[in-house]
Amino acid sequence: MGKVISISNHKGGVGKTTSVVNIGAGLANQGYKVLLIDLDPQANLTLSYGINKPDSTIYEVLKGESAILPINIYERLDVVASTLDLSGAEMELSSEAGREFILDEALSNLRDVYDFILIDCPPSLGLLTTNALTTCDEVFIPLQAHYLAVKELAKIVEVINKIKKRLNKKIEITCVFVTQFDKRKILHRDVLETIKTYFQEKVCETKIRDNISLAEAPTRGLDIFRYSPSSTGAEDYENLCKEIINRKK
Ligand SMILES: Nc1ncnc2c1ncn2[C@@H]1O[C@H](COP(=O)(O)OP(=O)(O)OP(=O)(O)O)[C@@H](O)[C@H]1O
Ligand SMILES: [Mg+2]
């Protein structure tokens, strides 16, 4: 049975989408069958893979109008696209019975098809994120090493604890990792130490360094391994994938 993982942090711009794209590609490179779900109305994951006018999106799935129809990108890597229409979904579904479980229901037949299903969450803690947290086995939290990061983490932990109590007993935070890391900055090193005292072994050894190739790759519709295989970005995401695989064993 595959693992469903939400990549979540309500803070914007911390590297959620970049991580979904490149962890997804890295795991597919290692031989795993991977599905990436774009659950963000900004549709950055969808655009990162150069999908411009998808025939089918997660919006129709959440509205109950369609089953999940993954789009194949490479061998072993499929994507469920998003669209700006999704921004209306939270309102449209707000009075629907069982609204927190719609994604869980839609994924039920796919859990056996993939080794990993990664969900790219929007930068908010509304109904879309709740749907991701209700269906996932694990949560990965990417964050930037600044002082407020610890405060943000406390908020996500509070939300996840509530979800665990009320909607999804199996949910666990398993990986917390730092993105856009600069080891020359004392602040970055200090914040990392603080996060480690709080999350201990959940903090990944791998730190994703600041690397311009990671920002450039989506403009070509490519992941980092295809865009710049010798970059530090490719090295870091490959190492992060190895950690993820080792933790799964
Ligand atoms: N390690 C990195 N080095 C350099 N640039 C990065 C790195 N990681 C992400 N970026 C860039 O930072 C910006 C924000 O990253 P990304 O879109 O992945 O964050 P996000 O958390 O998904 O944002 P949002 O909350 O808006 O969905 C993007 O322009 C991305 O290309
Ligand atoms: Mg994003």
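## Helices, a sheet and a ligand shell

Helix α1 (residues 16–29) packs against helix α11 (residues 232–248) at an angle of about 65°, and their axes are 9 Å apart. Angles of 65 to 115 degrees count as roughly perpendicular, so α1 is roughly perpendicular to α11. The crossing of these two helices, α1 and α11, is right-handed. Please keep in mind that the model you are viewing is predicted.

Now for a second pair of helices. Helix α7 (residues 148–166) and helix α8 (residues 186–199) have axes that come within 9 Å and cross at roughly 25°. Angles under 35 degrees count as roughly parallel, and α7 and α8 are therefore roughly parallel to each other. Their crossing, that of α7 and α8, is right-handed. Here A149, V150 and L153 in α7 meet V191, T194, I195 and Y198 in α8. The contact of α7 with α8 has 6 nonpolar residues, 1 polar residue and no charged ones.

| Helix pair | Crossing angle | Axes |
|---|---|---|
| α1 and α11 | about 65° | 9 Å apart |
| α7 and α8 | roughly 25° | within 9 Å |

Next comes the sheet. Strands of a sheet pair through backbone hydrogen bonds, either parallel or antiparallel. In this model, 7 strands form an open sheet with mixed pairing, in the order β3-β4-β2-β5-β1-β6-β7. Which strands stand at the edges? They are β3 (71–74) and β7 (172–179); each has a single partner strand, so one side of each is left without a neighbour in the sheet. From one strand to the next, the twist averages 25°. You can follow one pairing in detail: strand β2 (residues 34–38) and strand β5 (residues 116–120) pair in the parallel sense over 5 bridges. One residue to look up is L35, whose bridge partner in β5 is I117.

Finally, let us turn to the ligand. How many residues surround ligand 1? There are 18, and the closest are K16, T17, T18, P123 and A215. The elements that give two or more residues to this shell around ligand 1 are α1 and α9 (212–216). Helix α1 gives the most to the shell, with 3 residues. By class, the shell around ligand 1 has 5 nonpolar, 10 polar and 3 charged residues.

Technical notes
Residues numbered from 1 in each chain as written. Chains lettered and ligands numbered in written order. Predicted model: local features only at pLDDT ≥ 70, side-chain atom pairs only at ≥ 80, totals over all residues. Axes fitted to C-alpha atoms, helices over the stretch in contact; angles between N-to-C directions. Helix = DSSP H or I, 4+ residues; strand = E, 2+ residues; numbered from the N terminus. Parallel < 35°, antiparallel > 145°, perpendicular 65-115°, else oblique. Left-handed = near helix turned anticlockwise from the far one by under 90°. Pairing = 2+ DSSP bridges. Near = placed C-beta within 6 Å. Nonpolar A, V, L, I, M, F, W, Y, C, P; charged D, E, K, R; others polar. Contact = placed C-beta atoms within 7 Å.
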